[in-house]
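Hi,

Here is the structure I promised to pass on. Have a look, and my notes follow below.

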Amino acid sequence: MCLGLTSSAKTPLHLLLYGFYPRLLNEANSIVLSKPGKPDYSAPSSFCVIVFLQTVSKILQRIVASRLSPLACLTRLLNHNQCGSIPGLCKFNPCPALTHEIHIHQHLHLKSLTLFLDINGGFDNISSTVLTSLLRRKGIPHYFVSWVRFFLADRQYCLIFQGSPNIFLPIQVGTPQGSPVSPLLFVIHVLVLHIPIPRGSMFSYIDDFTMTVGSLSYQRNCQMFEYLYSVLKRRGVRIGISFSILKTKICYWRTPRERASPSRLPVSPNGTLLHPTSRVRWLRYWFTPSMEMSTHFQK
């Protein structure tokens, strides 16, 4: 693809101004690593593919991330309750923010319940069509939209292992983990999953979400959750995203001084009964129903 450029301008950085990402940079070697602490290594989800991106490719992606991030903030492509290591995104820690929200509910004598959600697949399920359409609607310059479309298309990986044939094969994935621009594209893609919650809140860190509601009874909380989850599921279907029921946890919060037995009412998102847990690990923190939070790690 010549694009009518002079030889001195035919560099990846200059091609960015034309919305073009060289197909050659979409080729990369990769290895498969096992995720630590998984109970069953016969499941494919217990492994992850690490992609060794080309140096020039990572530099270009870093430049795109630094330029697209402020535009995303200005056009409200980033939700204010989404946090993470992304330039221009809110830097607050969602764990103390969640604790603060629950303390407010308790001060108002409300019963609080939190649902901890995890997105299936994450970066692998980014839809180029959905993402580029959203960028266009928000007024992002055409060359950025075009670059994202080229970046997400025609990816080829070569798995490296002993005796491997060293053949590049097409991979139908959204965006590779380890890419400097992948987290930014992902949080833009899941913008619609941040739904307003009456007397509640929603926090997220990349692909880890929490929904917290407060009311005068736990039964009312369960009903609200089932409705909110149905709304969340419908929005997820529109963008090709689903949540892992197996990784979904619920926690009924109570003050340390409460003497009543903790509630055991189940929540039924997607028709599956989920019972409350005695502790939840979220973003490397352990939470208990009495609002004790620690950074104790367990294997």
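Predicted model: local features only at pLDDT ≥ 70, side-chain atom pairs only at ≥ 80, totals over all residues.

First a term: buried means under 20% relative accessible area, exposed means over 50%, and partly exposed is in between (1.4 Å probe, protein chains only).

Residues are numbered from 1 along each chain as its sequence is written, and side-chain values use heavy atoms, with hydrogens and water left out.

The protein chain has seven helices and 12 strands (DSSP runs numbered from the N terminus: H or I of at least four residues for helices, E of at least two for strands). Taking contacts (heavy atoms within 4.5 Å) between residues at least 6 apart in sequence, 66% join residues at least 24 apart.

Now Met 224, which sits in helix 7 (residues 218-238). Is Met 224 buried or exposed? Its relative accessible area is 13%, so Met 224 counts as buried. Beyond its neighbours within four places in sequence, Met 224 touches Pro 198 and Val 213. Ile 197 is 27 residues away from Met 224 along the chain, and their C-alpha atoms are 9.3 Å apart.

Arg 76 is another one to look at: it lies in the loop between helix 2 (55-74) and strand 3 (82-83). Arg 76 counts as exposed because its relative accessibility is 68%.

Cheers
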